Structures are given as structure tokens and as C-alpha cells.
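Please look over the sequence and the structure before reading on.

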Amino acid sequence: MPVGDAFAVRISHLSKVFQDERSREEIVAVRNLDLQIRHGQIYGLIGPNGAGKSTLMRIVATLLAPSFGSVEVCGHDSFTEREEVCRKLGFMPELFNLYEELTVEEYLDFFAAAYGVPRERRARVIDDVIELTDLGVRRKSLSGTLSKGMRQRLLLAKTLIHDPEVLILDEPTSGMDPQARIEFRNIVRTLARMGKTIIISSHILPDLSSICTAFGIMERGSMRVSGTFEEVAGALRMTAKVEIGFLSAPQTVFAFLDRIPEAIAPKLGDGKVEFGFEGDEAALAELLRRFVNEGITVTRFVRRECDLEEIFLQIGADRVQ
């Protein structure tokens with residue numbers, strides 16, 4: 001890592017164009033994309049199928065050459081210094097095949113040798129990644145007998161075998177049951193505490209919102225928005241939501257909210273009303289006081305911040321087919 005360089009990954013003016021084999025038409029998978037990811041971040045990459053996420057990840061992982069632009073990983077150019085980048089980076093694809101006749105231990109030993117881990121160090125390295133991914137009870141099991149969750153852990157262990165600084169995880173929790181997803185998220189948090197930079201994609205937005213420190217939303221090959229949750233919510237003017245349960249007449253509640261400039265787009269539900277709220281905590285406390293003074297019987301008063309799914313839907317990325 002160059003001294004003073006805050007970014008693990010730098011992507012500049014990146015484009016990838018494919019040619020349809022039948023029609024010979026050009027298909028733009030990634031379009032003039034700029035992105036910088038800081039060391040130690042867990043960066044969530046979001047977007048529907050066809051948005052360009054997997055293509056972008058494969059380019060960063062040096063598996064695809066860009067049509068235009070550049071990618072640097074830990075200060076090294078992904079294509080003029082490909083070998084050095086491969087030492088710094090670990091890639092876990094969405095689709096993969098295991099050598100099912102090998103045990104977990106044999107599988108990891110094979111890849112440790114492939115990555116050039118010295119023979120005298122391999123046993124310790126394998127023990128470390130097995131412990132980190134909690135595969136100890138299955139280390140003597142054939143890879144082909146593993147459950148989906150255990151297979152994902154084994155692939156992650158293989159990805160970690162050469163101790164990369166940057167991890168790219170493409171849909172790592174796809175097909176897992178809820179318990180396995182929770183366990184996998186905990187492993188990702190542990191890796192982040194170890195100082196790893198992690199780029200992770202998923203269609204399961206709650207998974208990303210619970211672990212990511214920054215994220216980007218792609219649409220049609222372009223990066224629509226990128227940054228920390230607070231930066232993105234602020235840029236899109238996303239507001240907190242307030243939900244109020246009440247026993248008073250709905251028209252009384254709506255008439256009151258019409259006089260509150262911080263209350264945005266109130267919606268009536270079953271005995272409750274929800275609206276956006278642009279005020280701070282003091283304004284929220286004042287709002288509750290005014291409800292009481294108006295004689296409105298409040299049974300529930302809850303504020304929550306907007307979530308990742310609401311941001312995703314607001315920018316229209318769900319319209320991409």
C-alpha cells in the first residue's frame with residue numbers, strides 16, 4: 001500500500017462493452033464508472049440483475065479486461081501489475097464448483113499450494129482459516145457432502161488462504177437459510193475488524209444494511225449513488241419516518257399535521273398515521289407535546305430512520321429489468 005493512500009480500490013472512467021454474438025450489437029455492461037473505496041470499509045454493491053455488479057467485480061478481480069478506464073487495488077494497476085493485485089485480492093464468485101472428492105482440509109491444502117503458501121506454513125494457515133470460518137467440525141468431511149452454508153464457508157476459507165487485503169464477495173449468502181446468513185455476516189464483521197477491505201453484493205438488502213459502512217447503487221451499468229448511508233440519505237433528501245397510533249378521529253389528526261411544516265406526506269393506516277419528519281430530536285419532542293395539547297389521544301409514537309430498501313426504491317433502480 002502506498003504511504004498515505006487512503007483508498008484500497010480506485011476505479012476511474014471504467015467502461016466494459018460486450019458484443020452480442022448473434023446481432024453483433026454492442027452491450028454496455030459498465031458505463032464510465034468512478035469509485036473509490038477506503039481501506040477497512042465494508043462496501044455494499046446494490047442493484048438488480050443486469051445492473052453491472054458482477055461485471056464490475058470481475059474487472060476489479062482481474063478476470064475481465066475493461067474496454068476503457070483503469071482499476072487500482074492497493075496502489076497497483078489491475079492489468080499492468082496483475083500478479084501483484086492477485087496477491088492483494090481474494091474473489092469469491094456467486095457460482096462455483098467444488099472438488100467434491102476432496103475433504104475440506106485437502107481442498108484448502110490444494111489452493112494453499114496453488115497460491116504459493118510454503119509447505120512448512122500450510123498446516124498453520126489452513127488451521128487459521130478453518131477456525132475463522134468455523135469449519136472445524138467438517139474439516140475431514142468430503143466437500144461434496146457439505147450443506148449450502150458450509151460450502152459458502154469453504155469457498156470463503158479458500159478465498160482467505162493467501163491472506164488478501166481486499167475481498168470481493170459476489171452474492172455470498174444467496175440460497176442460505178436465515179441462521180446461516182447470520183453466521184456468515186458475523187464472519188464478515190470479524191474480517192473487517194482484522195482490517196480487511198470488503199466489497200460485497202447481495203439482493204438481500206437487510207444483510208447489507210446490517211454490516212456495510214458504505215454502499216453504492218448501480219443502474220444500467222452506471223453508479224447512481226455512492227457513499228455512507230448518511231451521505232446518500234442526505235443527498236437524496238431522505239427523511240426519518242414517524243409513526244403515530246391514535247384513538248382520535250383521523251380528520252382531526254390530518255388537520256393538525258397540515259399545520260406542521262416538518263411533517264411530510266402523511267399516510268393513514270389502521271389506527272395509525274405515518275409521515276416523513278425533517279426536524280431534529282427537539283422538534284420531535286415538541287411535536288409530541290403539541291399532539292397532547294391538541295387533545296389527540298396518542299397510543300404509539302415511534303421514529304425510525306429510512307432504510308436501505310427505501311433508498312433503493314426512491315432512486316428507481318427497481319425499474320431495471
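The model is predicted, so local features need pLDDT of at least 70 and side-chain atom pairs count only at pLDDT 80 or more, while totals for chains, interfaces and linings use all residues. Residues are numbered from 1 along each chain as its sequence is written, and side-chain values use heavy atoms, with hydrogens and water left out.

**Helix packing**

Two packed helices are described by the angle between their axes and the distance between the axes. Helices (H or I, at least four residues) and strands (E, at least two) are DSSP runs, numbered from the N terminus. Axes are lines fitted to C-alpha atoms, for helices over the stretch in contact, and angles run from 0 to 180 degrees between N-to-C directions.

| Helix pair | Angle | Axis distance |
|---|---|---|
| H3 (residues 104-114) and H5 (residues 148-160) | about 30° | 9 Å |
| H3 and H4 (residues 119-132) | about 120° | 10 Å |
| H9 (residues 250-257) and H10 (residues 281-293) | about 135° | 11 Å |

Angles under 35 degrees count as roughly parallel, over 145 as roughly antiparallel, 65 to 115 as roughly perpendicular and the rest as oblique. H3 and H5 are therefore roughly parallel to each other. Their crossing is right-handed; a crossing has this hand if the near helix is turned clockwise from the far one by less than a right angle, and is left-handed if anticlockwise. On the H3 side the contact (heavy atoms within 4.5 Å) is made by Val104, Tyr107, Leu108 and Phe111, and on the H5 side by Leu154, Leu155, Ala157 and Lys158. By class, this contact has seven nonpolar residues, no polar residues and one charged residue. Here Ala, Val, Leu, Ile, Met, Phe, Trp, Tyr, Cys and Pro count as nonpolar, Asp, Glu, Lys and Arg as charged, and the others, Gly among them, as polar.

H3 passes H4 in a right-handed crossing. From H3, Val104, Glu105, Leu108, Asp109, Ala112 and Ala113 meet Arg122, Ile126, Val129 and Ile130 of H4. The residues of this contact divide into seven nonpolar, no polar and three charged.

H9 and H10 are likewise oblique, and H9 passes H10 in a right-handed crossing. Val253, Phe256 and Leu257 of H9 make the contact with Leu287, Arg290 and Phe291 of H10. Five nonpolar residues, no polar residues and one charged residue take part.

**Cavities**

Rolling a probe the size of a water molecule over the atoms shows where empty space is left. On a 1 Å grid over the protein atoms alone, a cavity is a set of points where a 1.4 Å probe fits but cannot get out, and a pocket is an open set with protein on both sides within 12 Å along at least five of seven lines; lining residues have an atom within 4 Å of a point. Grid points are joined across faces, edges and corners, and a volume is the space filled by probe spheres set on the points.

The structure holds two cavities of 30 Å³ or more. The largest cavity has about 50 Å³ of space, and its lining consists of Ile11, Leu35, Ile37, Tyr43, Leu45, Leu56, Met57, Val60, Ile168 and Ile199. These residues divide into ten nonpolar, no polar and no charged.

Helices H6 (178-193) and H7 (205-211) each supply at least two lining residues; the largest share, three residues, comes from H7.

**The largest pocket**

About 600 Å³ of space lies in the largest pocket. Its lining has 26 residues, of which Cys86, Tyr115, Thr159, His162 and Asp163 lie nearest its centre. By class, the lining has 13 nonpolar, five polar and eight charged residues. Helix H2 (82-88), strand E6 (89-92), H4 and H5 each supply at least two residues, and H4 gives the largest share, five residues.
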